[in-house]
Amino acid sequence: MSVLGILVGYFPPITANMNTIFAVLLVFFGCCSNVVFLETLVREFPGCGNIVTFAQFAFIALEGFIFETNFGRKKPAIPMSNYVVMVTMFFTVSVINNYALNFNIAMPLHMIFRSGSLIANMIMGIIILKKRYSMSKYLSVAMVSLGIFICTIMSAKQVNVGTQGSDDQGVYAFLHWLIGIAMLTFALLMSARMGIFQETLYKQYGKHSKEALFYNHCLPLPGFLLLSSDIYNHCVLFSQSTPVEVPVIGQAVPVLWLYLLLNVITQYVCIRGVFILTTECASLTVTLVVTLRKFISLIISILFFKNPFTAWHWVGTGVVFLGTLIYTEVWTSICTALRGSEKLRKKKT
């Protein structure tokens, strides 16, 4: 049985539905290129997370205001009070995730840490919804936790080794890094809690993903007033960056503004791709596509930006993704597809 045959057996919607193929391409192109532009910005100014988050929110909110709410004339299907709760959590998660990059958090570690979202959802499901899972699920929890722990410990050693100067400076850098780890952990658990809240809302009011996407990005915009001074400072810094000629408009533009625009556009493409996938495919397929996308983004970050990545980092990464695949029961589904294809082949012969 060829690899193509396995994929055809496992992903019948993908081979039969052009919308799904288009969505997968959007996810891989949008999300992977988005990581490249984000890391380019972060390498120039590590503290630019707030202006990036604001730009993404403003763009998606504007698009939703025009095309989803018809310039505010369409009433929401889900009560606004529920959106306020959801938006508070979403805004907190988005800002903290981007702001954590200020605390010596390397982009590969940032991506690996966020790969623990399935596990965080499971923990919240056990605590809040009193769910029970199979042994394979608990095994995957242990594997993902172990993988993240390995990568975190190796990154901690790099922080200590890479710090030059006095012992006080080394201790400060390490404590700075620990704050970043604490922020990522909090954001991971908060994101899982938000997922459970969304699940209960969708069960009660039905799925309105595009509407939720708009309100999640529109309602938090006033919250950026608290970050206005930081956003303004980075606007000035971006405007002072090297100008590059843009043939489309026929004039030079500061290069960091161009990178920010490309980051916002690719973020929108990524989110739209995931949205189409959720409407066209089973959740298992969506999870697998997103997991593979994260792995490719990680490889791009390591190779393109030459981020330090030891053999132990590779071990930890492998354990994280293997645990994720076990959680989504990919192996079981592939085996089922193989058995089904084998039966079809025998019938034909």
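Modeller: A crossing of two helices is left-handed if the near helix is turned anticlockwise from the far one by less than a right angle, and right-handed if clockwise. Helices here are DSSP runs (H or I, at least four residues), numbered from the N terminus, as are strands (E, at least two). This is a predicted model, in which local features need pLDDT of at least 70, side-chain atom pairs count only at pLDDT 80 or more, and totals for chains, interfaces and linings use all residues. Residues are numbered from 1 along each chain as its sequence is written, and side-chain values use heavy atoms, with hydrogens and water left out.

Biologist: At what angle do the axes of H4 and H10 cross?

Modeller: Two packed helices are described by the angle between their axes and the distance between the axes. Axes are lines fitted to C-alpha atoms, for helices over the stretch in contact, with angles from 0 to 180 degrees between N-to-C directions. The axes of H4 (49-67) and H10 (residues 209-218) approach within 8 Å and cross at roughly 135°. H4 and H10 are therefore oblique to each other; angles under 35 degrees count as roughly parallel, over 145 as roughly antiparallel, 65 to 115 as roughly perpendicular and the rest as oblique. The crossing of H4 and H10 is left-handed.

Biologist: Which residues of H4 and H10 make the contact?

Modeller: Contact means heavy atoms within 4.5 Å. H4 contributes residues including Phe57, Ile60 and Phe65, while H10 contributes, among them, Leu213, Phe214 and His217. The residues of this contact divide into seven nonpolar, four polar and no charged.

Biologist: Which cysteines does a disulfide join?

Modeller: A disulfide is a pair of cysteine sulfur atoms within 2.5 Å. The whole structure contains one, between Cys31 and Cys270, with S to S 1.8 Å. The link of Cys31 and Cys270 is right-handed, with 80° about the S-S bond. Cys31 lies in H3 and Cys270 in H12 (residues 255-280), so the pair ties together parts that are 239 residues apart in sequence.

Biologist: Are Cys31 and Cys270 buried or exposed?

Modeller: Buried means under 20% relative accessible area, exposed over 50%, and partly exposed in between (1.4 Å probe, protein chains only). Both Cys31 and Cys270 are buried. Glu39, found in H3 (residues 18-44), counts as buried at 3%.

Biologist: Where is Asn70 found?

Modeller: Asn70 is in the loop between H4 and H5 (80-99). Asn70 has a positive phi of about 55° although it is not a glycine.

Methods
Ala, Val, Leu, Ile, Met, Phe, Trp, Tyr, Cys and Pro count as nonpolar, Asp, Glu, Lys and Arg as charged, and the others, Gly among them, as polar.
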